[in-house]
Amino acid sequence: GFAFRGVVDRVDERDGRIVIMDYKTGGDTGADGIDLDTLDPDDRDSWSEAIASVQLPVYALLYAAQVNRPVRDIRPVFLRLGLEQVGLDCEHSFVADEATLERGYEMSVHVIRGLLNEIADPAVPFTAARDLSTACVHCGYTTLCGTQWVRKKW
């Protein structure tokens, strides 16, 4: 019961596999992934510690549905343009390696559904992240929840 709309920066096909790229101007790869070893999809408290972003799995899942291909055939990456040299080393997936991609999708689907259900359920109160200095510093919506004052911890 949710509708999505989005724009991907680039889609390539490599050796029969779809590569979805989202360009990022920075070089910080710490905001790219999901730590599958830390994430417990059934434990809501683990989500903020284990997930930096669900953008890539969302893109892959939506694209797979759009083109009617299995999501395992799709590799979404952030292309970090802020690194010294642009090349394959600038591509960063949301999982550590190809072997964990399918597991990453499975866990992501569980989390994404949970997040959507939370957003849609008026009985679930909004709560701020436990550590605002890591959760809010890159968010474009801080004025909505009043955390625009938060600065990154050094």
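User: Why is phenylalanine 4 called partly exposed?

Analyst: In this predicted model, phenylalanine 4 has a relative accessible area of 46%. Phenylalanine 4 lies in the segment before strand 1.

User: What makes the nonpolar surface patch?

Analyst: Phe2, Phe4 and Leu62 make the patch, with an area of about 280 Å².

User: Why does aspartate 15 count as exposed?

Analyst: The cut-off for exposed is over 50%. Aspartate 15 has 86% relative accessibility, so aspartate 15 counts as exposed. The residue sits in the loop between strand 1 and strand 2, and its phi is near 50°, a positive value in a residue other than glycine. Most residues other than glycine have a negative phi.

User: Where is asparagine 68, and why is asparagine 68 called exposed?

Analyst: Asparagine 68 is in the loop between helix 2 (55–67) and strand 3. Its relative accessibility is 71%, and exposed means over 50%, so asparagine 68 counts as exposed. Its phi is also positive, near 55°.

User: What makes phenylalanine 94 and tyrosine 105 an aromatic pair, and why is the pair called tilted?

Analyst: The structure holds 1 aromatic pair. The ring centres of phenylalanine 94 and tyrosine 105 are 5.4 Å apart, and rings pair if their centres lie within 6.5 Å. Their planes stand at 50°; under 30 degrees would be stacked and over 60 edge-to-face, so the pair is tilted. Phenylalanine 94 lies in the loop between strand 4 (91–92) and helix 3 (101–120), and tyrosine 105 in helix 3, so the pair ties together parts 11 residues apart in sequence. Both phenylalanine 94 and tyrosine 105 are buried.

User: How do you know that strand 1 and strand 2 pair?

Analyst: Pairing requires at least two bridges. Strand 1 (residues 10–14) and strand 2 (residues 17–24) are joined by 5 bridges, so they pair, and they run antiparallel. Glutamate 13 stands opposite isoleucine 18 in strand 2.

User: What makes the pairing in the sheet mixed?

Analyst: The open sheet has 4 strands in the order 1-2-3-4. Strand 1 and strand 2 run antiparallel, whereas strand 2 and strand 3 (residues 74–80) run parallel and are joined by 7 bridges. Methionine 21 has valine 77 in strand 3 as its bridge partner.

User: Why are strand 1 and strand 4 called edge strands?

Analyst: Each of them pairs on one side only.

Notes: Residues are numbered from 1 along each chain as its sequence is written. This is a predicted model: local features need pLDDT of at least 70, side-chain atom pairs count only at pLDDT 80 or more; totals for chains, interfaces and linings use all residues. Side-chain values use heavy atoms; hydrogens and water are left out. Rings of Phe, Tyr and Trp (its six-membered ring) pair if their centres lie within 6.5 Å; planes under 30 degrees apart count as stacked, over 60 as edge-to-face and the rest as tilted. Helices (H or I, at least four residues) and strands (E, at least two) are DSSP runs, numbered from the N terminus. Buried means under 20% relative accessible area, exposed over 50%, partly exposed in between (1.4 Å probe, protein chains only). Patches are made of residues with over 30% relative accessible area and no salt bridge: like charges are joined within 9 Å, nonpolar side chains (Val, Leu, Ile, Met, Phe, Trp, Tyr) within 5 Å. Accessible areas come from the Shrake-Rupley method with a 1.4 Å probe; for residues, only the protein chains shown count as cover. A salt bridge is a side-chain nitrogen of Lys or Arg within 4 Å of a carboxyl oxygen of Asp or Glu.
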